[in-house]
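This note sets out comments on the structure shown below.

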Amino acid sequence: VRWLAGAALGVAASLAVTGVRADHPIDDDAVRRAMQDELARSKNDLRIGDEPRPHYLAYTITDLEEALSVASFGAAQLARRERERVVRVDLRVGDAALDNSNFDADGGYSTSEWYWKVIPIDDDYLALRRELWLATDDAYRAALERLAAKRGAAERQAANLEHPAPDFAPTRAATIVHASERTRLAPDPADLMDRVVKLSRLFLSYPGIDDSVVSGVHDVLRRRYLSTEGTWIDDRAGRAMVTVAGRTQAPDGMRLSNQSLFTAASPRDLPALPAMETDVRHLADTLTAMRAAPLVETSDAVILFEGQAAGQIVKRLLADHLSGTPLPRSSRGEDRADGSLAARLGQRVGPRFLSAYDDPREETGPGGAFVFGGYRADDEGVAGQRVTIVDKGILTSLLIGRTPSNELPHSNGHGRGAPQNATFQGRIGNLFVSGGGAGLDARKLRDKAAAVAREAGPRTAVYVVRLLEDNPVVAYRLAHGREEPVRGLVLQGLTPRSLRDVVAVGDAPFVYNFIDAGRGRGWQGVPTSIVTPALLFKDVEVRRSREKPTKPPLYAHPYFSSRPAPAP
Amino acid sequence: MRVLPTTGTAVRGLAAAVVIGMGCAPAGQRAVPVLAKTPAAQSGGQRARSADPPPVVRVEPLSGGGGGEKAAGLVALEQELARAMAALGQAKPPPYFMAYRVNDVRDLSIQARNGALVSSAPTHTRVLETEVRVGDYRFDSSRPSRSVAFPGQEAALLPRGDDEPALRAVAWRETDRAYKAAVDRYSQLRAQRAVKVDREDNSDDFSRERPVVFLESRQPLEIDVPAWEERVRRLSARFRSVPEIQFNEVAFSATNTHRWMVTSEGTMLQTAAASVKVNISASTRADDGMDLQRDRWVNGAGFEGFPGEEALGRLVDEAIADLRALRKAPVAEPYVGPAIFEGPAAGVFFHEAFGHRTEGFRLREDDEAQTFARKMGQPLMPAFISVYDDPSLRKLGDVELNGFYRFDEEGVPAQRVALVDKGILRGFLLGRAPVRGFPRSNGHGRGRIGRRPDARMANLVVQSSEVVSAAELRRRLLAEVGRQGRPYGLLFKDIAGGRTQTGRGSERLKVQLVMVYRVWPDGRPDELVRGADLAGTPLTVLTKVLAASDSYGVFNGACDARSGWIPQTNISPSLLVGEVEIERKAKGQDRPPVLPPPPVAGALP
């Protein structure tokens with residue numbers, strides 16, 4: 001296969017065959033054997049002087065394949081395919097009661113607690129063993145240093161510590177080998193490019209939109225995990241995402257945007273092109289209408305979070321606070337707030353009709369929609385479990401991996417971290433929120449919203465929010481049964497306590513799939529899903545945005561200025 | 001490896017840490033691979049004393065070609081630029097200069113370790129940089145100021161094809177953004193001028209240059225991807241049977257860049273450049289914990305004349321042999337005394353000690369020590385040494401030079417600049433930011449994609465009007481050892497790279513030596529030592545060059561400064577320096593790996 005400078009897509013395709021040529025026979029077992037042999041040797045022989053041997057060692061080797069396609073205004077901008085293999089070494093010295101883990105030597109969040117590196121993609125036993133050998137050696141030295149520092153810190157802080165939980169929770173060894181047909185597809189940017197270009201071309205019909213970009217991503221991951229406890233996992237995951245973003249400015253300079261997100265297990269499972277086009281036209285119509293929308297007034301308001309915004313508000317008020325993993329012990333010993341709901345276990349966090357559970361074992365949500373957060377085993381090799389989090393408004397449990405707390409002594413299969421991320425933390429997989437039988441249809445929800453607003457006083461506004469970033473991006477004012485777009489809506493003072501102000505929920509759950517970047521810990525996200533109906537909040541303080549507007553474009557768009565203005 | 005900020009604003013913020021310091025090295029795995037080869041070395045020995053310039057191939061920037069057809073995409077950008085100038089010409093203040101610069105980069109990189117592929121990925125990106133200036137040539141929105149930050153200058157993705165509406169839409173958006181940022185900065189600079197004292201250097205902010213039009217046709221670069229993957233695997237497999245080398249990597253990369261530039265002054269460029277590189281990197285930890293690294297590299301402007309697998313394999317084997325020898329070598333002691341810099345090492349030494357201080361912006365900006373600003377016409381080094389920089393040199397012997405280009409990033413044709421003539425400072429490297437006494441660019445405005453160009457080196461050439469044979473140079477070293485009463489002299493055969501600081505109050509120099517030998521007066525064989533770093537005060541060292549050899553060495557490298565990593569070359573004869581200062585390299589605490597390497601059952605012969 002020749003690479004001609006004129007055919008980058010051809011190159012990508014040619015690279016697809018590199019691993020399967022005759023002179024490099026596939027040794028599909030090479031990775032497992034290299035892991036097994038180096039793990040056994042390290043467990044038995046790895047020791048410096050009188051220092052302790054590892055009490056636990058696990059390797060995770062993840063093969064990542066990604067195809068990326070980007071287009072704007074009807075033309076392809078990027079087509080990229082990447083293939084990478086990384087190893088993560090989880091090596092512990094000491095014992096389960098006190099080891100080198102969950103210790104923050106620097107006073108800030110540490111991301112170098114374990115060790116990871118990029119290793120060869122070829123299934124070459126010797127080359128892989130060499131990488132594992134050196135990675136383990138590095139991890140062992142680092143572990144010894146951390147353990148010594150942690151012991152030192154523990155002695156200095158002994159007086160403050162009341163019965164610390166152990167550092168490592170026991171679990172049963174497991175063997176999980178799983179791959180669905182979808183996760184065996186090889187990502188190729190060509191699969192999504194045609195669709196991405198076609199969707200981006202729709203913006204040629206929208207003179208009110210200054211800028212737009214459409215990107216498609218297909219990821220396939222294969223994970224192999226082996227621990228000294230005997231757990232072996234070989235599984236795969238895959239997902240496809242198409243993101244459509246439009247940006248423009250109102251005549252007064254306020255920046256406006258709108259976004260659509262399509263997700264599926266693979267490119268072939270995405271909605272058909274016409275359905276996506278309809279959605280993108282709606283996005284563009286909405287964004288165009290927002291340019292002329294009035295600004296909001298500062299007031300108390302009743303807010304209905306619908307669709308993706310419902311998932312986003314659940315993330316902010318609930319999912320982000322569900323980690324039961326204790327904060328790392330700090331070398332300085334200061335108290336830090338972790339934003340977790342741990343202190344509110346057994347207490348009311350929401351209205352009586354509200355319940356929530358997390359279940360990573362699910363692969364699909366309502367209507368068979370694909371959910372991102374499914375897995376059979378978490379990133380610490382523990383089988384995913386269904387966990388009831390909120391039961392009739394009461395917080396009953398949190399999500400936790402193998403770093404136990406006094407309240408949660410065992411992993412519930414939610415120890416998660418990205419392949420390149422060295423710390424595991426209790427994180428959601430698929431979080432399902434429901435109102436039990438109390439769910440209302442869209443019409444009744446709006447009636448309820450109007451009623452709650454009337455109760456709160458004649459100037460109380462009702463807003464419907466469909467897309468959030470830090471603040472609502474797409475919002476409407478509901479008045480006299482009609483929805484009018486508004487601009488500049490800023491939410492004030494929403495905290496996890498605000499969940500108690502939910503006065504009603506919808507009856508149609510929405511699947512919000514996203515890559516959760518976590519809250520300051522780790523720089524690579526984990527795929528997660530929040531499935532929730534619309535949520536109606538009373539008594540939310542809102543104000544008008546104080547963002548400094550920038551001048552709208554000073555001269556006309558080159559494409560639209562050369563064409564007659566479209567009919568209004 | 002330093003992580004470099006990508007926006008102008010961030011650069012300002014990190015001035016103390018990054019802007020002042022420069023590194024010029026392969027510097028770990030991320031840097032651009034480079035070449036170290038001494039084409040004339042084999043002919044060394046007893047050549048006649050000669051003041052001949054090196055045997056170079058020069059390419060006049062506007063010669064041979066320029067008959068290419070203008071790409072449709074370039075036409076679209078030309079039209080959009082004209083429309084933008086006309087439309088914004090009505091605004092207040094209007095732009096007086098506008099430029100679009102496009103880099104269309106196709107890149108393939110392949111890496112392997114221990115015979116196994118780590119990655120092999122082609123990329124194709126086309127990015128647009130937009131420059132808008134308001135004010136006038138005398139005082140404009142680009143004037144450097146310690147209190148007015150530059151706006152971020154990220155490059156924007158362009159469509160990869162010639163789709164006119166899509167190309168122009170991006171250019172429009174970027175122009176509007178760049179114009180607003182320029183107006184904003186210009187008004188801040190004007191407000192500041194009202195309250196600040198005058199600058200020392202009252203040069204214009206932007207030089208006036210004659211527009212150039214040059215259109216090259218597209219040049220394909222054919223790469224047999226699977227064949228190169230196999231070759232890189234096989235080269236790196238030579239490390240499989242070497243247990244003591246812990247890290248190794250063989251990296252191949254090929255880049256084909258097509259560049260467009262269109263300015264409101266009438267400049268229109270369409271140029272093509274290709275590069276092919278192989279970088280071999282290996283490191284080991286000595287028993288006392290010292291980390292030792294060896295990098296070898298080769299580059300070319302295409303596959304013609306590029307070394308074959310056998311020659312590349314020899315480089316791998318040499319790296320292995322060097323590291324094995326270094327592991328066993330004694331640790332260098334602190335030393336002050338005479339030393340020979342072989343050609344590539346001498347080139348890097350001049351690059352750090354001298355070259356960076358001739359970069360125009362360092363003579364003008366307030367943060368800088370402006371070392372050379374008042375030394376024009378004064379002697380800096382012995383009268384037999386001359387130094388020039390010439391980006392239009394394409395080859396020295398059969399070695400392609402990394403610093404070659406026809407036009408700089410500001411669209412100015414490359415020019416040869418005499419920096420030092422017979423020991424006297426005569427010139428500076430200049431882009432379009434003038435310096436007192438030097439109102440015009442000499443075609444050295446350089447920077448990586450996404451950075452504002454600065455005056456930078458291209459092909460830096462050190463010349464000597466008096467030369468001796470290599471043997472004579474060695475004889476003089478030993479004579480100097482005797483005269484100074486030192487136990488031995490030093491020979492610097494190879495160098496990893498260097499850093500220098502040019503900031504106010506912090507002028508320092510550091511060069512990482514790799515292959516350093518003790519040369520004994522009693523006739524013992526030269527003795528390899530490890531862990532030596534060259535330190536010192538730049539200007540003092542320059543005065544101590546005693547003699548030069550008759551053969552040139554080339555260090556094809558990559559150089560980093562405020563405007564980012566750029567390909568660059570240093571050429572010099574071997575030099576005898578009367579006094580250098582050697583520091584012992586800081587040693588790591590860690591021991592070699594606890595366990596022996598896994599058994600090499602699968603090792604290739």
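The points below concern the interface, the nonpolar cores and the salt bridges.

1. Basis. This is a predicted model, in which local features need pLDDT of at least 70 and side-chain atom pairs count only at pLDDT 80 or more, whereas totals for chains, interfaces and linings use all residues. Residues are numbered from 1 along each chain as its sequence is written, chains are lettered from A and ligands numbered from 1 in the order in which they are written, and side-chain values use heavy atoms, with hydrogens and water left out.

2. Interface extent. Chain A contributes 63 residues and chain B 67 residues to the contact (heavy atoms within 4.5 Å). About 5,600 Å² is buried between chain A and chain B, 59% of it from carbon and sulfur atoms; buried area is the accessible area (1.4 Å probe) that two parts lose on being put together, summed over both.

3. Salt bridges across the interface. The rule finds 4 salt bridges between chain A and chain B (a side-chain nitrogen of Lys or Arg within 4 Å of a carboxyl oxygen of Asp or Glu). One joins Glu131(A) and Arg113(B), at 2.8 Å from N to O. Glu131(A) lies in helix H3 of chain A and Arg113(B) in strand S4 (residues 95-113) of chain B; helices (H or I, at least four residues) and strands (E, at least two) are DSSP runs, numbered from the N terminus. Glu131(A) is buried, at 4% relative accessible area, and Arg113(B) is buried at 6% (buried is under 20%, exposed over 50%, partly exposed in between; 1.4 Å probe, protein chains only).

4. Nonpolar cores. The largest nonpolar core has 52 residues, and Phe350(B), Phe354(B) and Phe492(B) have the most contacts inside it. Such a core is a set of buried Ala, Val, Leu, Ile, Met, Phe, Trp, Tyr and Cys residues joined through side-chain atoms within 4.5 Å. Helix H7 (residues 343-353) of chain B supplies the largest share of this core, 6 residues. A second, separate core of 49 residues includes Leu199(A) and Leu445(A).

5. Salt bridges elsewhere. Over all chains the structure holds 89 salt bridges. In one of these, the closest N and O atoms of Arg466(A) and Glu306(A) are 3.0 Å apart. The two residues are 160 residues apart and link distant parts of the chain. Arg466(A) is partly exposed at 28% relative accessible area, whereas Glu306(A) is buried at 13%.

6. Chain B. Its secondary structure comes to 10 helices and 26 strands. Of the 605 residues of chain B, 61% count as buried.
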